[in-house]
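Reader: I am new to this structure and would like to go through it step by step. Could you take my questions as they come?

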Amino acid sequence: MNEADVDMLRDERDASPRRFTNWDPHDSFFQRYHRLSPEEKDKLHRSMPGDDNDRPPSSSAASSSSAPSVRLEAIRTANMSRTATNRINHQESHPHALDRIETHRTQHSGTVGAIKSRKSSQKEIPAMGAGKPYPPMLPEMEEYVVEFDGFDDPRHAQNWPLRKKLLIGVILAYDALAATMGSSIFSSGISGVVKTFHVGEEVGTLGTSLFVLGYAFGPIMWAPMSELYGRRLPLVIAAFGFSVFAIGVAVAKDVQTVMICRFFDGLFGSCPLAVVAAAFADMFNNKTRGLAVAVFSATVFMGPLLAPFIGGFITISYLGWRWTEYISAIMGFSAFALITIFLPETYPPIILVNKAQDLRRATKNWGIHAKQEEIEVDFKELITKNVSRPMRILFQEPIVLLITLYMSFIYGLLYLFLTAYALVFQGQYGFNEGVGGLCYFGMVAGEIIAFIVVVIMNPSYARKLEANNNIPVPEWRLPISIVGGVLFAGGLFWFGWTGFEGDKIPWIVPTLSGLFTGFGIFTIFLSLLNYIVDAYLMFAASALAANTFLRSGFGAVFPLFATYMFDGMGIQWAATLLGCVALALVPLPIVFLLYGKKIRAKSHFAPAPDLQQDKRRDEEARGVPDSDGSVPSEEAEKKDA
């Protein structure tokens with residue numbers, strides 16, 4: 001970790017001590033920090049904004065303008081301590097109250113911004129002007145900060161009626177479906193693009209690749225925006241931009257316009273992938289969140305498979321390939337209308353901002369505000385926390401690197417199938433674009449089966465989680481990915497060796513291979529994504545950002561060489577090569593299942609609260625006292641959790 005990471009962890013610990021103990025029970029991160037040499041600590045302190053008061057004052061610090069800064073910093077420190085204590089005491093009244101009352105004060109500190117008051121303490125405070133003295137200090141600022149009114153506050157998204165949450169969930173899922181269908185509906189019109197603009201097949205395929213490449217860069221913009229301004233605003237902007245650029249492709253006069261608009265179409269279309277899952281997390285608690293995210297994942301992976309047959313029938317009709325983009329724009333504009341009219345804000349900090357606005361208007365008290373309104377964007381922190389940290393995690397953490405490579409391979413094959421299925425069912429069986437697209441329903445059926453299996457397994461996981469003091473063990477997520485990996489590799493062999501001779505084997509046989517590949521894609525992705533989240537907790541956003549960037553790159557590149565590979569090697573041998581690679585990757589989840597705990601114990605970013613709990617249990621069994629001389633008990637352990 002560098003100083004920015006330590007600063008983030010310190011903010012989390014100060015704002016939410018009890019919640020932080022679930023992540024870092026024995027301050028293991030800070031113990032690593034304190035083991036630094038004096039020179040390393042001194043360098044770290046000089047670069048951390050919150051430690052100015054711990055250093056000897058410089059000559060400029062003696063100026064009169066610095067006195068208010070020091071006084072304000074002291075007041076803020078005292079307020080922070082009192083607020084943390086009050087929230088801990090309030091938490092005792094309900095086991096989950098802290099999660100509901102917590103205003104996500106430092107949630108953004110790890111991703112997008114900094115507290116204004118904290119940053120301003122480093123700057124010279126200007127005079128009031130016109131000879132006016134500084135006004136007297138107001139009462140404690142925390143008295144003016146709005147909070148949720150207890151665990152069951154109806155303003156909190158998790159307390160909304162189920163009917164309302166289901167309606168919002170359908171709208172969000174539709175928005176994600178429209179965006180993911182837009183990624184592949186273009187593929188069925190590639191032949192039309194080639195004929196219209198007199199370009200090669202590879203250039204036509206770029207229309208799909210550039211869209212997926214937009215998926216790689218979009219989350220870097222949309223995720224921080226959703227944490228600063230809420231979920232609704234980026235979804236509204238992105239739905240509108242997605243629709244506009246889809247129309248740009250439909251009316252394009254040259255191939256350059258098609259390619260540029262497809263990239264920006266993907267850039268805006270990536271917003272639901274980055275934000276919708278977060279909105280589901282806002283609305284659903286730990287018991288139901290997994291199922292909600294599974295529904296979202298199903299729409300994300302079904303979208304690219306449902307679009308080809310729709311686009312195929314449009315392309316072979318009198319409408320032509322341009323109407324594939326008009327259909328995408330129509331879906332985008334309808335999602336834009338639904339979000340604009342029916343989607344309320346789900347992000348708790350922004351809900352509190354709206355509450356503060358209502359109270360200011362009602363009471364005429366300008367001091368009332370939400371903690372979110374103290375946040376400002378700092379470009380340096382934005383680059384450090386949204387670009388630098390994900391890349392460091394990707395290349396420094398073997399778990400993230402290896403899992404991301406596995407998922408990137410699978411994701412690349414998802415878009416490679418857009419070419420492979422056309423070569424088999426249109427090239428070998430003579431189907432047209434529309435009928436050939438119907439063969440993707442084998443993979444769709446496989447994903448539906450996988451979703452049903454996940455739903456059936458969820459109660460068992462919930463019971464294990466509750467029995468473990470609600471502390472997740474990431475390796476619990478892995479067994480289904482092992483099964484999915486084996487089936488996925490088998491599906492590739494099945495597809496290749498039954499689809500290369502269309503005159504001898506019925507078309508239904510290679511179509512049914514999609515049951516295995518669809519099941520594998522869904523289970524591998526869902527379980528490995530959950531593994532990353534459970535393993536990295538407060539750093540999960542950075543780990544997932546790195547994962548999204550790399551796998552979107554694979555998804556963009558794979559379609560470009562698919563035709564050459566299948567034509568050059570033959571359908572059966574190209575599928576065999578891919579199946580062998582998939583089979584070679586199957587042991588990867590097994591390795592993490594067996595040795596994941598040991599690897600996480602050496603990680604600089606994985607907090608590993610389950611390992612801390614295991615250590616406490618071992619010490620209790622041996623009768624080893626804690627640092628305060630007491631032997632930890634099971635009751636105390638549950639209370640801490």
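Reader: What share of the contacts in the protein chain with a separation of 6 or more comes from residues 24 or more positions apart?
Author: Such residues account for 80% of the contacts in the protein chain with a separation of 6 or more; contact means heavy atoms within 4.5 Å. Please note that this is a predicted model, where local features need pLDDT of at least 70, side-chain atom pairs count only at pLDDT 80 or more, and totals for chains, interfaces and linings use all residues. Residues are numbered from 1 along each chain as its sequence is written, and side-chain values use heavy atoms, with hydrogens and water left out.

Reader: How many helices and strands are there?
Author: The secondary structure of the protein chain comes to 28 helices and 2 strands. Helices (H or I, at least four residues) and strands (E, at least two) are DSSP runs, numbered from the N terminus.

Reader: And what percentage of the residues count as buried?
Author: Of the 641 residues of the protein chain, 52% count as buried. Buried means under 20% relative accessible area, exposed over 50%, and partly exposed in between, with a 1.4 Å probe and protein chains only.

Reader: Let us turn to salt bridges. How many are there?
Author: The count comes to 6 salt bridges, a salt bridge being a side-chain nitrogen of Lys or Arg within 4 Å of a carboxyl oxygen of Asp or Glu. One of them joins aspartate 282 and arginine 231, whose closest N and O atoms are 2.8 Å apart. This pair links distant parts of the chain, 51 residues apart: aspartate 282 is in helix H13 (residues 271–283), and arginine 231 is in the loop between H10 and helix H11 (232–250).

Reader: Are aspartate 282 and arginine 231 buried or exposed?
Author: Aspartate 282 counts as buried, because its relative accessibility is 8%. Arginine 231 also counts as buried, at 6% relative accessibility.

Reader: Which residue forms a salt bridge with glutamate 325?
Author: Its partner is arginine 262, and the closest N and O atoms are 3.5 Å apart. Glutamate 325 is buried, at 0% relative accessibility, and arginine 262 is buried with a relative accessible area of 0%.

Reader: What about arginine 361 and aspartate 358: how do their side chains meet?
Author: They meet in a salt bridge, at 2.6 Å from N to O. The two are separated by about one helical turn because they are 3 residues apart in helix H16 (residues 348–363). Arginine 361 is exposed, with a relative accessible area of 54%, while aspartate 358 is partly exposed at 35%.

Reader: A change of topic: where is valine 424 found, and what is it in contact with?
Author: Valine 424 is found in helix H18 (residues 398–428). Leaving aside neighbours within four places in sequence, valine 424 is in contact with Tyr429, Phe495, Gly499 and Ile571. Valine 424 counts as buried because its relative accessibility is 0%. The C-alpha atoms of valine 424 and glutamate 501 are separated by 8.7 Å, although these residues are 77 residues apart along the chain.

Reader: At what angle do H8 and H10 pack?
Author: Helix H8 (residues 162–184) and helix H10 (residues 201–229) pack at about 145°, with their axes 8 Å apart. Axes are lines fitted to C-alpha atoms, for helices over the stretch in contact, and angles run from 0 to 180 degrees between N-to-C directions.

Reader: Which residues meet there?
Author: Ala179, Thr180, Gly182 and Ser183 in H8 meet Thr208, Phe211 and Tyr215 in H10. By class, this contact has 3 nonpolar, 4 polar and no charged residues. Ala, Val, Leu, Ile, Met, Phe, Trp, Tyr, Cys and Pro count as nonpolar, Asp, Glu, Lys and Arg as charged, and the others, Gly among them, as polar.

Reader: Finally, which residues make the nonpolar surface patch?
Author: Phe217, Ile220, Phe379, Ile383, Val387 and Phe549 make this patch of about 520 Å². Patches are made of residues with over 30% relative accessible area and no salt bridge: like charges are joined within 9 Å, and nonpolar side chains (Val, Leu, Ile, Met, Phe, Trp, Tyr) within 5 Å. H17 gives the most to the nonpolar patch, with 3 residues.

Reader: Where is isoleucine 383 found?
Author: Isoleucine 383 is in helix H17 and is partly exposed, with a relative accessible area of 38%. The C-alpha atoms of isoleucine 383 and isoleucine 220 are separated by 9.7 Å, and the two are 163 residues apart along the chain.

Key:
Accessible areas come from the Shrake-Rupley method with a 1.4 Å probe; for residues, only the protein chains shown count as cover.
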